[in-house]
Amino acid sequence: MGALVAVEGLDGAGKRTLIEAVAAGLTACGLRVGTLAFPRYGRSVHADLAAEALRGRHGDLAASVNAMALLFALDRADARDELSKLLADNDIVLLDRYVASNVAYNAARTDQSADGEMAAWVAELEFGRFELPVPELHVLLAVPTELAAERARRRGESDSNRALDAYERDRELQERTAEVYRVMAEAHWRGPWWLHARHDDPATLTARLSKLIAR
């Protein structure tokens, strides 16, 4: 059974780029590496409904914090068999977002922190009721909010399919989400957390993960 590692961070933090570099490095070391990104846009009706709601469709759906959290949770619940197979077939599985993102964003939307009612509800829903596996490790890609916002803006301008949604346009929400993530990392929410800063070498993270797998 492979090690499950969730890479977390704000929209535009560079999670995909980091995961691609680390996955390539681990593969070069002879390890079997699986990856999966959430939300699974284009593959999951729940993820697509959430994306459409965040771009103004489906009435007042996006206004409901619990409804949006549930859609993202259902996306992961539907991927449980796929995730189980990835873990069975690989030494490590790197996730681009996971349950912690649902906690961070929706706690921020309700002006709560990582130890509030929303965080507890999401964790019970996803890890409890949906029985999703708890990661062996979370990696928080910590970058300044302004930088993440600028990257997300440029990405949206260059790719019409990734135009900014309501969460990405809300600078205050992004700042509150970053703070929730910081608290989660410091408290080691649901297990160990490692911080990866924007100037840190992906090769360093690759080496640390190699040691984690070898334990």
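In the predicted model, the second largest pocket holds about 160 Å³ of space. A pocket here is an open set of points on a 1 Å grid over the protein atoms alone, where a 1.4 Å probe fits, with protein on both sides within 12 Å along at least five of seven lines; its volume is the space filled by probe spheres set on the points, which are joined across faces, edges and corners. The second largest pocket is lined by 13 residues, of which G14, T17, L18, L141 and R198 are the closest to its centre, lining residues being those with an atom within 4 Å of a point. Two or more lining residues come from each of helix 1 (15-28) and strand 5 (193-197). Helix 1 makes the greatest contribution, three residues. Helices (H or I, at least four residues) and strands (E, at least two) are DSSP runs, numbered from the N terminus. The lining comprises seven nonpolar, three polar and three charged residues, with Ala, Val, Leu, Ile, Met, Phe, Trp, Tyr, Cys and Pro counted as nonpolar, Asp, Glu, Lys and Arg as charged, and the others, Gly among them, as polar.

Residues are numbered from 1 along each chain as its sequence is written. Local features need pLDDT of at least 70 and side-chain atom pairs pLDDT 80 or more, whereas totals for chains, interfaces and linings use all residues; side-chain values use heavy atoms, without hydrogens and water.

V7 lies in strand 1 and, at 4% relative accessibility, counts as buried (under 20% relative accessible area; exposed is over 50% and partly exposed in between, with a 1.4 Å probe and protein chains only). Beyond its neighbours within four places in sequence, V7 is in contact (heavy atoms within 4.5 Å) with K15, L18, I19, L95, D96, R97 and V139.

Helix 10 (residues 202-214) contains 13 residues and spans 18 Å from first to last C-alpha, close to the 18 Å expected at 1.5 Å a residue, the expected span being 1.5 Å times one less than the number of residues. Its buried residues are L205, T206, L209 and L212. These fall within an arc of 120 degrees seen down the helix axis, so they line one face of helix 10; the arc is that of the directions from the axis to the C-beta atoms. They pack against strand 1 (3-8), helix 1, strand 3 (92-96), strand 4 (137-142) and strand 5.

Helix 5 (residues 99-109) is largely enclosed by the rest of the structure, because 10 of its 11 residues are buried.
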